[in-house]
Number of protein chains: 2
Amino acid sequence: MRVVIVGGGFGGLACARALDGKPVDVRLIDQNTYHLFTPLLYQVATALLNPSDIAYPLRKVFRRSRNVRFLQGVVSEVDMDRRVVLLRDGMEVPFDRLVLATGSTNDYFGNQDLARHTIGMKRLDEALRLRNHVLACLERATQATDPQELQAWLTFVVVGGGPTGVEYAGALRELLRLVLGRDYPELRLDQSRIVLVEGLDRLLSQFRKPLGEYARRTLVERGIETRLSTLVQAADDRAVTLSTGESIATRTVVWAAGVRPVHPELDPTAAGRRGRIDVDERLRLRSLDGVFAIGDTAAAEGGTGADLPMLSPPAMQAGRYVASVILDEARGRRRKRKPFRYLDKGTMATIGRNSAVAQVGRLRLRGFVGWAAWLTVHLYYLIGFRNRAVVLFSWSWNYLRKDRAIRIIIRSQEDPLIE
Amino acid sequence: MRVVIVGGGFGGLACARALDGKPVDVRLIDQNTYHLFTPLLYQVATALLNPSDIAYPLRKVFRRSRNVRFLQGVVSEVDMDRRVVLLRDGMEVPFDRLVLATGSTNDYFGNQDLARHTIGMKRLDEALRLRNHVLACLERATQATDPQELQAWLTFVVVGGGPTGVEYAGALRELLRLVLGRDYPELRLDQSRIVLVEGLDRLLSQFRKPLGEYARRTLVERGIETRLSTLVQAADDRAVTLSTGESIATRTVVWAAGVRPVHPELDPTAAGRRGRIDVDERLRLRSLDGVFAIGDTAAAEGGTGADLPMLSPPAMQAGRYVASVILDEARGRRRKRKPFRYLDKGTMATIGRNSAVAQVGRLRLRGFVGWAAWLTVHLYYLIGFRNRAVVLFSWSWNYLRKDRAIRIIIRSQEDPLIE
């Protein structure tokens, strides 16, 4: 049985791993050659980790596998009559079972100006670009002669008060505190501003209220301004305008306000809620035979009574579930597997040095204990021993020396030699 | 006394460090925010080291300095009448003493086609681009249906048989050996070709003849083809044509055939031999008062009877020498310092795992002993404890596990938010 998995994120990777060594023939397709550990992306964006610390070559994962093979490509369409996946470069990949794990992308709510004038926090190249950009702003600030211009170079607006925005804002504050005082004696930390903008009336809305409030208090104590119940109305390369009428002169707007699902073109009947693909309780597309969707791109409830959050744990659990359904079919088992059930093991987010929030069932952690729990869990889930060792080293270095080694500006060119 | 140093390479950095804490006011200008340890650039290009392992923030070097300050900028011109350096963005930096340490760039001997269709090995972004490119070629090779196309994706031509070309070719062979067998089961190592092209009749011409011959033999034993006394006549994105008439179908031509000096526009009388700036035996420009030139960009003999090689040791020694001349002047010392003398401490180059050549005075090392010496010297000269620790870890990992962790393809975008 030929299984094609589209997407090497948390869902697709979990599915491919669960099928590794089993009596099916698996092709894992991704546009990138690596699996990205997105929860640590903000640490690349703040010069704490190198891209390779959180990007793991997919071919390496399946290096010893006899039945899982990787293919780099972008899927443009699924031809259900011929049961092939079409890649953008014209290649066709046939399948008996198809798993769509294509994830999500930055959501600008249709506002192309926002897309153009902000920097996202979803892909590895965005995190790198953000690192380069922030450091370049500091260099420009040292050369600014006009005080208003200076202030714009040193003002950083972060849009979105979910875990990504909160974690990035906290880490950026530490980066500025570390480098402004030492590397840029021309500048002072109190000249810099970080403004975190959130549309809802609290931060970290997926956590219980007291934890969101704790996060806000901690950020404010560390010198970050927050704007709750506030939307971004417009942005250009000099300023951002908020729904309250406030205009903030800035050269840096970070977009962490949300993501929307992406997937190849499908039968219109497959359209589910809010752009996610409609699936049944066994994660199959209702309209297309032998096709599954998991993770951010699928509108699954997993027994929770609401669409699952667009986070890695539901994607991973769904990936493993779909693998077992496919194996049942490959082995000709008659008995139908129980519907997919999502088990919520908890959520966590760091706010900065020695501070994080976590909720696991009824347990709520915060402060240093939450932070230690965050470190342990994230280190555990990082793929590969080398990555773990290197990340642990970087974290320890940063913690003890209060230093970030990777604060260099590099721009890698596009490759004109490969079209 | 205001001292402006243009260039944060080996020469400029050594000069700035020698002036640190002394009674002069130093401005160090570079277009990049980091000092690049170029001898290890080929290891970034072959996925062994991360860019941040060999790029060290210049501001960090002078973080505790009271008299050395960094400025990011590109110097376009030197106005000798007003004694200011003009930056491309319009800024003016006044000086009493000026040190030109602007280094060198890839030399294509005026052939723009070569510049367009090859990848250099001189800057950090080139090394990153080369890493991305080679990995992308392997991905493309797995999808090639035509055998000739497959061969072109797997053929790598390296132009230049100096240390850069030899080290890169050897390291690329190891990368292919490591990843082709394991990560790309679809491909075989013996399908890949590496061709090293050199214009002279031997490799490593700056070493004694037997060492160059040893390097060639070692490379050939490891499966690298060499073409001596051969020039590249033309290149496009499908093939390279050699002066022997041979045409090699390839998607990758690496340009390590030489560098030429670069410096801001100067008085025509400052022009020295082969594009280098004419200086006297105290490294002063003959025509311009209070201006020095060091390193690749200066035509200095240093008592050797010939122009100094374009390598880091002469640049560093010249940087320290010029610093002492400037200090003499700042302190009003009358006695003239002796002319600059270059002390050759030796040269070395790796050929790959367990193999290197080194010559130190009359001593010649090769094989494992040369390799161990190479490791020690390069680790010692790397700036900063953290870089050293990380590089040592990466080297040990690579050596023991025969693995390269950084084989990921990432392209960082240009930053359109900063013009």
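In the predicted model described here, the C-alpha centres of domain 1 of chain A and domain 2 of chain A lie 35 Å apart. Domain 1 of chain A spans 2-31 + 73-106 + 259-330 and domain 2 covers 112-257, the bounds being taken from an automatic or database domain assignment. To their contact, domain 1 of chain A and domain 2 of chain A contribute four residues each, where two residues are in contact if their C-beta atoms, placed from the backbone, lie within 7 Å. On the side of domain 1 of chain A that touches domain 2 of chain A, two residues are nonpolar, two are polar and none is charged. In this division, Ala, Val, Leu, Ile, Met, Phe, Trp, Tyr, Cys and Pro count as nonpolar, Asp, Glu, Lys and Arg as charged, and the others, Gly among them, as polar.

Residues are numbered from 1 along each chain as its sequence is written, while chains are lettered from A and ligands numbered from 1 in the order in which they are written. Because the model is predicted, local features need pLDDT of at least 70 and side-chain atom pairs count only at pLDDT 80 or more, whereas totals for chains, interfaces and linings use all residues.

Chain A is superposed on chain B by a rotation of 180 degrees with 0.0 Å of shift along its axis, at an RMSD of 0.0 Å (least squares on the C-alpha atoms of residues with pLDDT of at least 70 in both copies). This is the relation of a two-fold axis. The same surface serves both copies, as 100% of the contact residues of chain A recur in chain B.

The contact between the chains takes 44 residues from chain A and 44 residues from chain B. On the side of chain A, at least two residues each come from α3 (51-54), β4 (55-57), α4 (58-61), α6 (124-143), α8 (163-183) and α12 (385-401); helices (H or I, at least four residues) and strands (E, at least two) are DSSP runs, numbered from the N terminus. The most is given by α6(A), with eleven residues. The side of chain A that touches chain B comprises 18 nonpolar, ten polar and 16 charged residues.

Strand β16 (residues 239-242) of chain B is joined to β17(B) by three bridges, and Val240(B) stands opposite Ile248(B) in β17(B).

Notes:
Pairing = 2+ DSSP bridges.
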